[in-house]
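Have the viewer open as you read.

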Amino acid sequence: MKIIVFLFSILWAAAAAAFTVEAEWRGDLFVAKHRIYRLEHYRLASDPAVEGIWRLNGQEIGRGTEITLARPVDAPAPEVCDAADPEAGWISVTPPQPDGGKRPYDCDVALRWFVPELLYDDELRDFDWEVATKLPAPCRYRITVTPDRDNALFPAQTLELELQGHHPDDRFGAGEYRKSRVWLHGKELLQPLTVEWVVAIPGLELCRERLRFVPAEMLPELTAGEDGHWYDESGTRIIPVLHRKILSEQRTLELARSVGRSALSKRRVLVLSEEFGSAPAQMFGPELRDALIASNYELIFVPWFPGPGEGEEWGQALPRALEALRSHPADQVVIVPPGNGRRPRLRSDEEWVRLTDLLLHAAWAQPEVKRVILTTPLFDPAAPESTGYTAGLRQLLRGTDAELFEFAARFESLPGWRDRYRPAPGNTAEYHSSPSLAAKELARLLARAVTGW
């Protein structure tokens, strides 16, 4: 027995002696701004070549003749064994010593989606996602895609990519990225679908992001991120999915809503609009309230933006509007879109029409609503209205039971309407983007559209 153990020890020592590991330090990484990871490269130098199994903290992190891994500075050294004979045992590798004088790099790896802000359930759209890296060394990235239900768009899968990274001396370089494309079939998204992406390199999870497609009538409470996109309370990005009604559905709804309009019980009107006027005496919201009270209507006025002239991203205004529709029961909803100069210009006319349609869906989803009025946006002297947007609104209303009120045309039919954009009577030097001097007149026009007188 002693002879057998002795011979086995000699054979294992001989195998270990032929199992040389070369180690190289590639830099330090800041992770979450407070923890440092060592980026280390290891290579098995042997003849003939040997494939190894690598592990860190007792967990397998990769296989092959070489590996680049991220190791916390206080973690034990990685281990390796011969993949052809793992029973021979694990060898603890001596980590490389870092070179002095180099500052830690930011862990700059991002997962990005290029997806429409919302979808229709009868369309086919392209969806791109990419992994972009500025890590200072080549690494093998593992991307795990996990859906929360079976679907034909995003199957559960694990992908591996070899990306060269970003040269540390190139301060302004774009780094390297890899893109993948999926075709989105709206009909596959009639039920909610959440997809999670996890991007990692051996030893370190780099990012974890979730995307959720939700039918418009099932939308959760939304918040707007700094990027202008919409998120739920868990931080999952939300993509609303709108249902485009076929002709038979439209006719059924038209009949039901026409009966409902004949008996508007609450006489309560929710208006989504900009606030403007000559503060504090004549503002559009208070003037509209006074005009509606005269006909025994109650007004709930929700401005798109915090105050006159205080524009913000539509991504922030929209969640507030959706919450107002949920929390303020009304039997009529009036939507007055912001003028062209007050809408963020990064979106196309088509996207603005889609966002408007999302509001219409949200309005009709409220059980108390029996009538929805959509107006044309008011003229902006600094940015005349796009014909594509107004034409898109008219086309949109052909497939819904909402009514279109030609707000801009009615206002522009009044004598001297352009002078209402002056900051004060007699001022000929400048224009405001909103008709500050016409709050009372515009309130009366809109009140007539609501009450029918």
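Keep in mind that this is a predicted model. Start by finding strand β20, residues 268-273, and strand β24, residues 332-335: the two pair in the parallel sense, with 4 bridges between them.

Now zoom out a bit. That pair belongs to an open sheet of 5 strands, with parallel pairing and the order β23-β20-β24-β25-β26. Which strands stand at the edges? They are β23 (298-303) and β26 (403-405), and each has a single partner strand, so one side of each is left without a neighbour in the sheet. Going from one strand to the next, the twist averages 20°.

The sheet also has a helix packed on it: α5, residues 349-364, which touches β24 and β25 (371-375). Compare directions and you'll find that α5 makes an angle of about 160° with β25.

Next, let's hop over to a single residue, Thr 236. Look for it in the loop between β18 (230-231) and β19 (237-242). Is Thr 236 buried or exposed? Its relative accessible area is 3%, and buried means under 20%, so Thr 236 counts as buried.

What's around it? Leaving out residues up to four places away in sequence, Thr 236 touches Arg 210, Leu 211, Arg 212, Trp 230 and Tyr 231. There's also a polar contact to check out: the side chains of Thr 236 and Ser 234 are joined by one of 3.0 Å.

Notes: Residues are numbered from 1 along each chain as its sequence is written. This is a predicted model: local features need pLDDT of at least 70, side-chain atom pairs count only at pLDDT 80 or more; totals for chains, interfaces and linings use all residues. Side-chain values use heavy atoms; hydrogens and water are left out. Two strands pair if DSSP finds at least two bridges between them. Axes are lines fitted to C-alpha atoms, for helices over the stretch in contact, and angles run from 0 to 180 degrees between N-to-C directions. Contact means heavy atoms within 4.5 Å. Buried means under 20% relative accessible area, exposed over 50%, partly exposed in between (1.4 Å probe, protein chains only). A polar contact is a pair of N or O atoms within 3.5 Å; within protein, one must be able to donate a hydrogen and the other to accept it, and residues adjacent in sequence count only if both atoms are side-chain atoms.
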